[in-house]
Amino acid sequence: MSTSVAPQESVLSPKFYEAMKALEPQYPRKTALILPALHQAQSEFGWLPKEALEAVAQYIGVHPAQIREVASFYTMFNLKPVGKTHLKICTNVACVLRGADDLVSFCEKKLGIACGETTPDGKFTLSEEECLGACGTAPAMMANDDYIENLDIPKLNDFLERSQHER
Amino acid sequence: MSAEVQTLFIQHFGKDSNRTLSYYQSQQSGYVAAKTVVTTMTPDQVIEEVKKSNLRGRGGAGFPTGMKWSFIPKGGDKPKYLVCNADESEPGTFKDRDLIRYTPHGLIEGMIIGAYAIGCKHAYIYIRGEYTREARLLNEAIQEAKSAGFLGEKIFGTDFSLNITVHRGAGAYICGEETGLLNSLEGKRGEPRVKPPFPAISGAFGCPTAVNNVESLASIPHIIRLGGEAYSKLGAVEKSGGTRIISLSGQVKRPGLYEIQAGSKTLRQIIYDLGGGMKKEKKLKAVIPGGSSAPVLTADEIDVIYDIEPLMKIGTMMGSAAIMVVSESVDLPKLLWRITKFYAHESCGQCTPCREGCHWMESILHRICHGQGREDDLDTLTSLAGNIGGKTLCALGDAAAGPVASFIKKFRPEFEAKITPVVRGQKRYA
Ligand SMILES: Cc1cc2nc3c(=O)[nH]c(=O)nc-3n(C[C@H](O)[C@H](O)[C@H](O)COP(=O)(O)O)c2cc1C
């Protein structure tokens, strides 16, 4: 796309505005683009800083408070920065029945943080997650957008080691 | 295919290459049903066929799909919408994910037929945000279908056109509830709506809308292919047609997805014959038979036929057909605390009984599990559950209340054992 649809001063990239432009005809109202816009904005920062929420509000044409109100409803929208690898361990029923609690304790010990915290080097954020829909391959977790299933401590340890040494 | 077990879906699961259009067309007669529908049937005939099939919604409520479609008003100048519920957030449920991964075209074809039946030109698939990869696979399949002329303008050379948009959620159980889902699709907080009006009259963007689960829609091409009556006869019990995909998890030897002809097996047969029995030969203690919202069953109650009516008769529900199996080694008060914590976290907060009640139940269960339980706690919990169920805008309240009431009723001694005499009636939880 040659002509830029991005306002000059926006913190969001031209890619954001292009992606939104492509989605606009698929909805009868522009406000329906709020969730897609928040996903897209979050993919640029890893989280949703105030400036990004404001830019989304401006693009949609609503008050920033409306965007904050929506964003804060959904657990996937990070209103605080998260580590480079965001670990989300499912601790719902099916995973707990197959050892998820041990995985959480292992991570907390190994990373030296509690659930909800980020390591000082900014590499990992650890969260407990509700059911991920991977109960047949429990215990399961997500690392950013990826599922890791049939977990056990050695497998989790390997994953942490590898992520630790990635740049 | 053996004469006794007939499955429609599961034989195609597990292999990545099965998701392609060429596989779907060559191995599953893909898009033949849609072509038959669009080129030779009227919308009313389609709805009649689906009614005859006795397909009942696979999302949890078990509402007859054909009847739901018949509620969409005919004509009128408002657009009509078909929305596929791919939020799959009921704990224990993981069937829709594999349906999307291995037969995305089955879902798309079902949506073409559904859209034709209700007069919809633009359909949405609302998929839970965590299913990033699955959303991508769906978009790829939609592109494939579009290139082949099954989606877009003038489908099969007729005047019927349809586009499908994949819309990602962002982590909220309540968006599985159909009106919470519709609000979320519109770019709002996923708070359920006051009903009536029902979505059939005023759904997405204020227009008539049918919301159907992934498995319900993916069953539609089979209904057209086999005929409504033959599909219905796959079910072994009255009023329940076709097959059911069961999500089996917890402490069994072989957790995973299983497909059975509706009503053809008991819960015991599913756990022991399909699931291979208990992991490490432990004793069975409890079964959660229909997602975490379903009231719990004891080991003595599993000779029940696994289907909607028989489970309802014994005070629980089939829900999304997610079975979670619990062995003797599990601390049930702690497990109930875990379940209740989920509902407290996911309550949208609109209705006071659910917003306050879920947190209250959670904190009481928490103190019981931490040796701080009080003598009257179990009665308080039971009374709280009774004051949430049936008193909220959506069924999340019932979903939270059912487990609490049933666990305490059926396993009371385990809870009492945690409320030690020293603490009873004395210490208060800080
Ligand atoms: C709290 C709550 C969560 C729900 N979650 C889901 C879900 O994740 N997926 C789903 O298909 N239906 C879910 N439902 C049921 C939907 O409201 C609705 O009945 C269903 O999508 C209709 O489709 P069906 O008739 O094909 O089952 C949920 C209901 C409630 C009350």
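These legends describe close-up views of a predicted model.

**View 1. The contact between chain A and chain B.** In this predicted model, 39 residues of chain A and 56 residues of chain B take part in the contact. About 3800 Å² is buried between chain A and chain B, with 56% of that area on carbon and sulfur atoms. Three residues, A:Phe73, A:Leu97 and A:Arg98, supply 19% of the area that chain A buries against chain B, more than any other three residues.

**View 2. Salt bridges and polar contacts between chain A and chain B.** The count of salt bridges between the two chains is 5. One of these pairs A:Glu128 with B:Lys341, with 3.3 Å between the closest N and O atoms. Polar contact joins 21 residue pairs across chain A and chain B, counting pairs with both residues at pLDDT 80 or more.

**View 3. The side of chain A that touches chain B.** In chain A, α2 (34-45), α4 (64-71), α5 (93-96) and β2 (124-129) each supply at least two residues of this side. The most comes from α2(A), with 4 residues. By residue class, the side of chain A that touches chain B has 21 nonpolar, 9 polar and 9 charged residues.

**View 4. The surroundings of B:Thr65.** B:Thr65 lies in helix α4 of chain B, which covers residues 65-70. With a relative accessible area of 1%, B:Thr65 counts as buried, because the cut-off is under 20%. Apart from neighbours within four places in sequence, B:Thr65 is in contact with B:Val50, B:Leu55, B:Arg56, B:Gly57, B:Asn212 and B:Ser216.

Methods
Residues numbered from 1 in each chain as written. Chains lettered and ligands numbered in written order. Predicted model: local features only at pLDDT ≥ 70, side-chain atom pairs only at ≥ 80, totals over all residues. Heavy atoms only, no water. Contact = heavy atoms within 4.5 Å. Buried area = accessible area lost by both parts, 1.4 Å probe. Salt bridge = Lys/Arg side-chain N within 4 Å of Asp/Glu carboxyl O. Polar contact = N/O pair within 3.5 Å; in protein donor to acceptor, adjacent residues only side chain to side chain. Nonpolar A, V, L, I, M, F, W, Y, C, P; charged D, E, K, R; others polar. Buried < 20%, exposed > 50% of the residue type's maximum accessible area, 1.4 Å probe, protein only.
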